[in-house]
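Okay, thanks for coming, everyone.

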Protein chains: 2
Amino acid sequence: MKADDLYSRLKKTDEAILKRLREWAERILEAARTEKKVYMDVPVRTFSNVYFDEERRIIQMGDRVARREFLNVGHAKKFLQTSLVAATLKDLITEGITTSLRDVYYRIKHTIPGTTENTVDEQKESDKAIEDLETILGFVREQMHVFSKGGKGRLAGPIQIREIVPDPDGGPPRIVETDGENVGMGGWAIPPIAEPERVEIEKVEAEFVLVIEKDAVWTRFHEDRFWNKHNCIIVTGSGQPDRATRRLVHRLHYEFKLPVYVMTDADPWGWYIYSVYKQGSINLSYLSPALATPDSRFLGLTISDYYDFKFTKEIKLVLKDQDRKRLKEMRRYPWFKHKEWHREFDLMEKEGFKMEIEAGSSKYFRFITKEYTPAKLEAKAFLP
Amino acid sequence: MKADDLYSRLKKTDEAILKRLREWAERILEAARTEKKVYMDVPVRTFSNVYFDEERRIIQMGDRVARREFLNVGHAKKFLQTSLVAATLKDLITEGITTSLRDVYYRIKHTIPGTTENTVDEQKESDKAIEDLETILGFVREQMHVFSKGGKGRLAGPIQIREIVPDPDGGPPRIVETDGENVGMGGWAIPPIAEPERVEIEKVEAEFVLVIEKDAVWTRFHEDRFWNKHNCIIVTGSGQPDRATRRLVHRLHYEFKLPVYVMTDADPWGWYIYSVYKQGSINLSYLSPALATPDSRFLGLTISDYYDFKFTKEIKLVLKDQDRKRLKEMRRYPWFKHKEWHREFDLMEKEGFKMEIEAGSSKYFRFITKEYTPAKLEAKAFLP
């Protein structure tokens, strides 16, 4: 896409959001003028309204909504918070700037005149209001110019990326081209917002995406130019991935039909991170269609790997009570129902240990890139 | 520096380290052949051997050493650990690869033959051995090919950076050029190792360095192209900075004579982060000469700012017990002895609140980049 077209796409989304915001606000005003009850319907985002969509294989939000009435004392404050955030989103879009969740919190926090009460007391209140608006308006908050942190994902490999960075002072946007094979040891820093409106994946010559849980391990793959030898894109979310990293993996799969393989520690925490990339998360169930990549496969590590690759016992980490507890919860998740996974759960519980990716270095430092991962890829030894 | 020269510099450092390692090992072997006692002297790195160097204005390590004797049961294991790590460093350099602290731990962990004892049980043991070798050999571990995590710092502005990335398989190194004004919203990802042997700062046209504690706030400065309007380099360490970020700030100051200004939250934690950039840290006192930038000045936030910039009371965060405790400790640090700082400590304690940089958004989102920081820079209203 040409830079100009990219910029118009961003502007078009901005206008679409402003239009939706206006319609929504007018509907409420109209109700206030004509009816007794002013209300907004907000989809329920608690665990009780989350389900696993067997067909799409992602965690989804159910269709229960909660009605918030302006003249109901119990609802009025939330009603106010959502309205304040809506006005703030409008400002952000109009000014052409982005900001963080924390800044939005401070922006709308003030003492309600004539009272000692604050509009919001904690950030989670404004966060919830933003989530409300994501579901009400049908746009993700990144499209509405709000991110969480400064970004923590990294990427390298045969990929061409074009970023468009608008100038809040009205000048021309900066257009930044990145060649993923020509990045330093830090890789390409995945920006806080990775929506198509701002980040265009221009060209991909890779055959698959390898997602690596830990940034230190990713550095091993990057230094060894694994992306070149195996013609792939290597991504890390540095632990629990942020939304931008998940979004980018999702886009690489859907826009370029790339298979996605995920590598984590062999522990409940690591395996859960895999499922977040794959099926989405319970907290952000309504975003799964935009963030999840249900065709992802799990490359490793498994507890079986310990035996298959003849690791020595020193690298075992004793399973703790909290690991066993987490494992028990994970057994009940429908997205982990496959017998292959339950075999791993059983093995971990019975043998009482977990292991980290770095354990490969007990053999030699490049074991993970020279033997383990190539063997797994070659044998297509993936878990569902 | 030409790419070839850069590469020879890296190779020269490698050779110098190998030479030092060999000499050190031979001295120990020689002792084993000729004397009763085989030992190594290791500088003591506990708090008791740390002092504030008033002249250089950095936290330094004293000259006390501990002698480790091979035939002393209480010392033998540490002796062994240091030797194992030394051998591992030699391997890393010879193979031309880098790795993480965690990987080194797994690399040297094994059961001592004929016993049930492991060479190391926890990572902190191998970490300590690496710190020993840093002080014994006089090279930082990054020069010896070991990093901590995958890197978390970010940077943007009028700076040209050249990275050299060797090929572990013996091919030519990759040379990566970065123009700090032409980076995406994630900025340039500061790599895990930012030593001159791998990262050359080719050219700097900025007039100063602005270090911003939080990555989300850094994103505000980056989006607003603050680096262009104020001709500076903006850096974030994403909270407590890693060694590479501190090293780079240090290098920008010493190689290019750039003044360094630091911006953190107005709380004991943020102020301490400032002092880490400025004077070094207690834990890594022996590295202060390479990491600290004692000429750094503190731009903000201060508690006085609350009054000077007429913030409203909603943005105050109540001071907690742990904040008061930390404040008490900081009062005793000689590097915080200036009356300007004690005035802030007093004010914080008396008024009982702290505040975050994001509080600026309570006025308007760009307050921090359009008013606050320019006003501070203009008035040179810095704390020592």
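So, start with S238(A), which lies in the loop between β13 (232-236) and α7 (243-256) of chain A. Helices here are DSSP runs of H or I, at least four residues, and strands are runs of E, at least two, both numbered from the N terminus.

Before going on, the housekeeping. This is a predicted model, where local features need pLDDT of at least 70 and side-chain atom pairs count only at pLDDT 80 or more, while totals for chains, interfaces and linings use all residues. Residues are numbered from 1 along each chain as its sequence is written, chains are lettered from A and ligands numbered from 1 in the order in which they are written, and side-chain values use heavy atoms, with hydrogens and water left out.

Back to our serine. Is S238(A) buried or exposed? With a relative accessible area of 19%, S238(A) is buried; the cut-off is under 20%, using a 1.4 Å probe and protein chains only. Leaving out residues up to four places away in sequence, S238(A) touches K152(A), E213(A) and D215(A), where a contact is heavy atoms within 4.5 Å. With D215(A) there's a side-chain to side-chain polar contact at 3.2 Å. Polar contact means a pair of N or O atoms within 3.5 Å; within protein, one must be able to donate a hydrogen and the other to accept it, and residues adjacent in sequence count only if both atoms are side-chain atoms.

That aspartate takes us to a helix. D215(A) is one of the buried residues of α5(A), and W218(A) and H222(A) are among the others. After α5(A) comes R225(A), with a positive phi near 50°.

Now the two chains together. 70 residues of chain B are in contact with 70 residues of chain A. The buried area is about 5,500 Å², with carbon and sulfur atoms giving 49%; that's the accessible area (1.4 Å probe) the two parts lose on being put together, summed over both. Y106(B), R174(B) and F365(B) supply 14% of what chain B buries against chain A, more than any other three residues.

How many salt bridges are there between chain B and chain A? Eight, counting a side-chain nitrogen of Lys or Arg within 4 Å of a carboxyl oxygen of Asp or Glu. One example pairs K229(B) with D169(A), at 2.8 Å, N to O.

Conventions. Buried < 20%, exposed > 50% of the residue type's maximum accessible area, 1.4 Å probe, protein only.
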